[in-house]
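Please look over this protein chain and its fold. The report below takes the whole chain, then a helix, then single residues and rings.

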Amino acid sequence: MTLSATNFIVKQYLKTRQKRIQRLIEEPHLCQTNTFQEILNTQKNTLWGEQYNLDSIKHPENFRTRIPIHTYEDIYTWVDKMVMGQADILHPGIVSAYARSSGTSNDRSKYIPLAQKMLKDGHDTASWDLLSTIYHHLPDTKIFVHKNLIMAGSVHRFKNNTDAIYGDISAITLNNLPPFSRPYYTPDFETALLDDWEEKIDRMVKSCSKEEVTMLAGVPSWTLILLQKILAYKRLETMEQVWPEARVFIHGGVGFEPYRRSFDALFPSGNLAYMEVYNASEGFFAFQNDLDSDDLLLLLDHGVYYEFIPASEFDKDQPRTFTLKEVELGETYALVISTYSGLCRYRLGDTITFTSLEPYKIKVTGREQQYINAFGEELMVQNAESALAKTGEKHQAIITEYTVAPQYMEMTKQGRHQWLIEFEKEPASLQQFALDLDKELQSINSDYEAKRSYDLVMKQLLITPLPQGSFFKWMQLKGKLGGQNKVPRLSNNRNIIEQLLKTINKTNV
């Protein structure tokens, strides 16, 4: 079969999957009801299900009143038993794949069970639906003609149970690709799943630069590092000179706006479309189904049942939750999920807001712990991302990485926020950049504006520019290069900033 014939056949098949996406739009509550019942049927014959008598639960209201909300700390002893090969703990039978996640601010590794049912009906199904959406909007894309690049992590086997594997979700899903689709991906799978990130990048530069790539996927920061190294290796100015058929970049994990200018510079013709996905270790939750709108369609029939904690309940150990029918536009919610893999009323830690209720569309606003409220300013990640993107565009600056933390009040001095920023292209005036960024934050966050009023509580923010490569060096020292690892954006304490500054000082000695 020729490459063009393969592409044509796959395109025809993916057209039929648009009916699934239309069902999410037309019958959202039926999708969630069916998912809820399937989760109960899956979990009721496990040790977890027996402890909470899931067999007797029939309705969502019983579910949320009788079963407490759990964090990873509440279930890790159960997961440890699964990792050691014990059956019927959170999920029927033995689970042999785990997504390793440390979150963004917690150094402790978490191992999220990935049952085959969740991989097949959740992550894999969502990935095919995403490809269907790409072809729907970009019918000339040649995903099954040329190569596709995924910036994945690595896969390992547990020392005490070599029958089970773990890795970040990108590596697990890449490792799970069906055989027929593997020839359409670059680099080779040995390179793609290498543990040594620097060796992986070097090998990818040499191999991927020889291919014709049409689709890219990965965390923006790590993808940029690869693209910049390819340009240096090829001695070219734009990635379009390397990959003229590149048509779509699938990104997630961090806000894209601070990186948009860098990608626009690498693909200046505008032929590369950007599509955001919300694909976490625990589930594939949402993706952008409209290129003209940057919000994400919530996936309601992909192995996840959702509940939503309103902001007023965030600080409670056992907060009340809303079902999908009860949410409101513009409100901030923390996600609680139950899944085919055995997670049950699991508090994810992410926050979202609904931008549409017909269909249900969301934006990811950050993490419950990723905010700054040292002075009552209630600064969220979405505020920071938006303000930085607008200020960067105004000053023609390009930002590589950044993180923010408070500088606390001392005696008669007011507090303020300190921004550590690594620029690819610095603004002409760092002082004016800081002033405009501060004004932009005030314009989009009334709490921040109130605390900045007359400099009574907070002074203007401070920007500390870092040498290029600073964040990479810090992540390297922490053993968090590549894959799904990402720099925490906002911290309510100075731990991360002090670590970074200490790393830079040591490097410059």
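What follows describes a predicted model, from the overall fold down to individual side chains.

**Overall fold**

The protein chain has 17 helices and 20 strands. The C-alpha trace spans about 60 × 55 × 50 Å along its principal axes. How does the radius of gyration of the protein chain agree with that of a compact globule? For 509 residues, a compact globule would have a value near 23 Å. The protein chain has 23 Å, so the two agree.

Of the 509 residues in the protein chain, 55% are buried. Among contacts with a separation of 6 or more, 67% are between residues 24 or more positions apart.

**Helix 6**

Helix 6 covers residues 72-83, which makes 12 residues. Its end C-alpha atoms are only 14 Å apart. A straight helix would reach 16 Å at 1.5 Å a residue, and helix 6 falls short of that.

Which residues of helix 6 are buried? They are Tyr72, Ile75, Trp78, Val79, Met82 and Val83. Seen down the helix axis, these buried residues fall within an arc of 145°, so they line one face of helix 6. Their cover includes helix 4 (47-51) and strand 1 (97-101). It also includes strand 2 (110-113), strand 4 (155-158), strand 5 (161-167) and strand 14. After helix 6 comes Gly85, with a positive phi near 100°.

Val10 belongs to helix 1 (residues 3-16). Its relative accessible area is 9%, so Val10 counts as buried. Leaving aside neighbours within four places in sequence, Val10 is in contact with Trp128, Phe144 and Phe180. Glu211 is 201 residues away from Val10 along the chain. The C-alpha atoms of Val10 and Glu211 are separated by 21 Å.

Arg345 sits in a loop, between strand 13 (332-339) and strand 14 (346-357). Is Arg345 buried or exposed? Arg345 is buried, because its relative accessibility is 2% and the cut-off for burial is under 20%.

**Aromatic rings**

How many aromatic pairs does a search of the whole structure find? It finds 32. A pair of aromatic rings is described by the distance of the centres and the angle of the planes. Two of the pairs are set out here.

| Ring pair | Centre to centre | Angle between planes | Class |
|---|---|---|---|
| Trp48 and Tyr52 | 5.1 Å | 45° | tilted |
| Phe256 and Phe263 | 5.5 Å | 50° | tilted |

Trp48 is buried, with a relative accessible area of 3%. Phe256 is buried at 5% relative accessibility. Phe263 is buried too, with a relative accessible area of 0%.

Ring pairs also build a cluster. It links Tyr278, Phe285, Tyr306, Phe308, Phe322, Tyr333, Phe354 and Tyr360.

A charged side chain meets a ring elsewhere: Lys117 lies over the face of Tyr340, at 4.5 Å from the ring centre.

Methods
Residues numbered from 1 in each chain as written. Predicted model: local features only at pLDDT ≥ 70, side-chain atom pairs only at ≥ 80, totals over all residues. Heavy atoms only, no water. Phe/Tyr/Trp six-rings, centres within 6.5 Å; stacked < 30°, edge-to-face > 60°. Buried < 20%, exposed > 50% of the residue type's maximum accessible area, 1.4 Å probe, protein only. Lys NZ or Arg CZ within 6 Å of the ring centre and 35° of its normal. Helix = DSSP H or I, 4+ residues; strand = E, 2+ residues; numbered from the N terminus. Contact = heavy atoms within 4.5 Å. Expected span 1.5 Å × (residues − 1). Arc of directions from axis to C-beta. Rg over C-alpha atoms; globule rule 2.2 N^0.38 Å.
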